[in-house]
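Here is a friendly briefing to read with the model open beside you. Take a look at the sequence and the structure first, and then we will walk through them topic by topic.

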Amino acid sequence: MSAFRLCAQRLPGLRSFPKQPASAITQKLAVSPSPPSRAQLLNAARLSPRPQLRAFSASARVSHGHVDPPKPGEELYVTFVDKEGEEHKIAVNAGDNLLDVAQAHDLEMEGACGGSCACSTCHVIVTDQKYYDQMPEPDDDENDMLDLAFGLTETSRLGCQVKMTKELDGMVVKLPSMTRNLQASDFK
Amino acid sequence: MLALAWQRTNNTPPRIAIIGSGPAGFYTAHRTLTRLPTSHIDMYEALPVPFGLVRFGVAPDHPEVKNCQDTFTKVASHPNFTFLGNVSVGNPSDHDHGVGVSLGSVMRNYHAVVFAYGASRDRKLGVRGEGLKGVYSAREFVGWYNGLPACAGLEPELGRGEEAVVVGQGNVALDVARILLSDVDVLAKLDVPEHALARLAESKVRRVHVVGRRGPLQAAFSTKEARELMRLEGLAFHPLDKGLFPEDLKTLPRASRRLSEILLKGSPTPVSTTPGGKSWSLDFLLSPSAFLSSPDSPDHLSSTTFTRNTLTSPFSPTSSVEPLNPPETITIPSSIAFRSIGYKAAPLQDFQTVGIPFDEGRGVVKHDPAGRVQHTPQDGGKVFQGLYCTGWVKTGPTGVIASTMGDAFATGDAIVEDAERLSNEGRIKGGWEGVLAEENVARERVVSWEDWNRIDGAEKERGRELGKEREKMVQTEEMLEVLR
Ligand SMILES: Cc1cc2nc3c(=O)[nH]c(=O)nc-3n(C[C@H](O)[C@H](O)[C@H](O)COP(=O)(O)OP(=O)(O)OC[C@H]3O[C@@H](n4cnc5c(N)ncnc54)[C@H](O)[C@@H]3O)c2cc1C
Ligand code: FES
């Protein structure tokens, strides 16, 4: 089976057209440690009154995120800092990749190629070198895509290629803004 | 926030027309519907099928790149989204049974109009012999192997000889080289249409020169594309002169350094002297001066001549070149040549009637940083109310889908920012129904999203019979026939 078919089946959902905004929020709050942060409450308040969205994704083919909620006691935590600077701390399973996690939680990560390491729209920046060093090194294909990422840093990775492990528990990653890439992407 | 404020003050949802259904059109729609879900978007597409260069440009052996179509398909499922396929705006349709509507009518019937019609021409070299048989534009060749209706009849002369020249060193040039040198059995499993496969199977091409004006540190192709060619089984790469690179690669920026390493490492397959071995080379510092024929076949290309250049500052990515002094020329035997020096956008014919300026030099619609269409500086540089551009017709024909997406989001944000003002003008706009009332349109020829799903299904079905992903229909009549 080609990579294409595999990926087509995964169909990461459109982050921005949540199927059930309300339950997504509940889930977000439920997995959060102790009291929900201000950012999360704000986010919940902002997202809930949007009935039109439901009608839309009722016809979408597959709902987003293919991550199961972790079993109690087995949670690992990763925090995403979005473009507005809001933090989203999320409980995940070992083995989940950051693209799936972000999309399951309606964070703004496009994942245009569906996680097949062919687009760089899932670029994340690991904020702490300590965690970056805990990851297996990016392979050639990931580095080739990172070469095209806008705002590349020393601790940049592709979210679809980073799998959560015990060593990464507590990691914080930033979502860079997807503004135009003015670098080496000349498709002449 | 803006969206909510807007809903309180106004009951007229903004009606938006997007012209073009490539990544720029779809990502702009995606952003706009996300931030302003009450807006109504009608997407006009000149061809009966959507997705622009994702279907007709991106190489068949890059199926993962085409996964963005899944996102586009979800955007199309939004209740406020309407696809109007087979409808060309501002230009007459280029095929039989295609529909054309005037830009003026579209502008009257929407609060906002977005130009997302891409770059569908190509640049010419302007050298002697460019019109010989056997000289093609990469754009036509790419269109041909991807089943673009306008290029389906190209019939490139791949069987006349072993050596091919590609002029230009961007990613499209490497796509062309890779398709020329790939194993046809591998291509047969992808969505290369049968007519192209048959001809590629008879190709005699075994040696491809990818020729550029400047050096490796100025070349436009990406590491990924170079690596793919190095990885092709049984394909040799002619080793490069180390003098083209700085002694210490670590002095280079990351992307250049990584690319240099790949180029210097070369291919695992050595260049063989046995007949039948396939190979490619990157030939640097050469500008084409003429395409030549031979006396026994005066209409056909037989070789290409180049003048040698030198770089003014060899290791700078922006270095310019000048011809060697005294001049030197070299001739490369070539039975076929492709010029791959860039796509080019053209103004819509109706731009003149409605007074929209076009920057011919850069091949873009004039716009402010966000993507609002602008008057020329001579005309005061003010923005046009409710006119936007996005994608290659905004940025020029460069950039991968990721950058086109970032750019489309900027345009989407500008629309959302302006929406309140645009629709607060109070006028209700007729949208597509309004256009239909004004224009003489054969309604039954318009292709809806459901229609596209039927064409898509029929293509996949034909593909299944042939053991491949899909068998594209390469004629617009064929596509429309499915819908009868
Ligand atoms: C050969 C090639 C290979 C590429 N490979 C890759 C790759 O592997 N990876 C990658 O990331 N990027 C790749 N790219 C880049 C990518 O295709 C572009 O970034 C992107 O397609 C640009 O999007 P666009 O929407 O501006 O234009 P387009 O994709 O060209 O879309 C424009 C659409 O507008 C329609 N249209 C034109 N005129 C009218 C009209 N008058 N009325 C209505 N509709 C109209 C056209 O039919 C077309 O569907 C490649 C580009 C090329 C040329
Ligand atoms: S989703 Fe495309 S590279 Fe990660």
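Which pattern does chain A follow, read along the sequence? Chain A follows α-α-α-α-β-β-α-β-α-α-β-β, where helices (H or I, at least four residues) and strands (E, at least two) are DSSP runs, numbered from the N terminus. This is a predicted model, in which local features need pLDDT of at least 70 and side-chain atom pairs count only at pLDDT 80 or more, while totals for chains, interfaces and linings use all residues. Residues are numbered from 1 along each chain as its sequence is written, chains are lettered from A and ligands numbered from 1 in the order in which they are written, and side-chain values use heavy atoms, with hydrogens and water left out.

**Chain A overall**

- Chain A has seven helices and five strands.
- Of the 188 residues in chain A, 53% are buried; buried means under 20% relative accessible area, exposed over 50%, and partly exposed in between (1.4 Å probe, protein chains only).
- Among contacts in chain A between residues at least 6 apart in sequence, 69% join residues at least 24 apart, with contact meaning heavy atoms within 4.5 Å.

**The E1–E2 hairpin of chain A**

- E1(A) and strand E2 (residues 87–92) of chain A pair in the antiparallel sense over six bridges; two strands pair if DSSP finds at least two bridges between them.
- Five residues separate E1(A) and E2(A) in this hairpin, and Gly85(A) in the turn has a positive phi of about 85 degrees.
- Thr79(A) lies in strand E1 (residues 76–81) of chain A, and its bridge partner in E2(A) is Lys89(A).
- Is Thr79(A) buried or exposed? Thr79(A) is buried, with a relative accessible area of 8%.
- Not counting residues up to four places away in sequence, Thr79(A) touches Glu87(A), His88(A), Lys89(A), Met171(A), Val172(A) and Val173(A).

**Ligand 1**

- Ligand 1 lies between chains A and B.
- Around ligand 1 there are 34 residues, of which Glu45(B), Leu53(B), Trp392(B), Ile401(B) and Thr404(B) come nearest; a residue is near a molecule or strand if one of its heavy atoms lies within 4 Å of it.
- The shell residues divide into 21 nonpolar, eleven polar and two charged. Here Ala, Val, Leu, Ile, Met, Phe, Trp, Tyr, Cys and Pro count as nonpolar, Asp, Glu, Lys and Arg as charged, and the others, Gly among them, as polar.
- The largest share of the shell, three residues, comes from E4(B).
- An oxygen atom of ligand 1 is 2.6 Å from an N or O atom in the side chain of Glu45(B).
- Polar backbone atoms also take part: one of Ala46(B) is 3.1 Å from a nitrogen atom of ligand 1, and one of Gly399(B) is 2.9 Å from an oxygen atom of ligand 1.
- Taken alone, ligand 1 exposes 1,000 Å², and the protein buries 94% of that.

**Strands of chain B**

- Strand E1 (residues 15–19) of chain B and E6(B) pair in the parallel sense over four bridges, and Ile16(B) has Ala112(B) as its bridge partner in E6(B).
- E6(B) also runs parallel to strand E22 (residues 383–389) of chain B, joined by three bridges, with Val113(B) opposite Leu387(B) in E22(B).
- In a regular strand the side chains alternate between the two faces of the sheet. Ala112(B) and Val114(B) point one way from E6(B), Val113(B) and Phe115(B) point the other way, and all are buried.
- Strand E13 (residues 286–294) and strand E14 (residues 297–311) of chain B pair in the antiparallel sense over eight bridges.
- E13(B) and E14(B) form a hairpin with two residues between them, and Ser293(B) stands opposite Leu301(B) in E14(B).

**A helix and a loop in chain B**

- Helix H4 (residues 68–76) of chain B is largely enclosed by the rest of the structure, because eight of its nine residues are buried.
- The buried residues of H4(B) include Cys68(B), Phe72(B) and Lys74(B).
- Ser120(B) is found in the loop between strand E6 (112–115) and strand E7 (121–122) of chain B, and Ser120(B) is partly exposed, with a relative accessible area of 48%.
- Leaving aside its neighbours within four places in sequence, Ser120(B) is in contact with Arg139(B) and Lys344(B).

Notes
A polar contact is a pair of N or O atoms within 3.5 Å; within protein, one must be able to donate a hydrogen and the other to accept it, and residues adjacent in sequence count only if both atoms are side-chain atoms. Accessible areas come from the Shrake-Rupley method with a 1.4 Å probe; for residues, only the protein chains shown count as cover.
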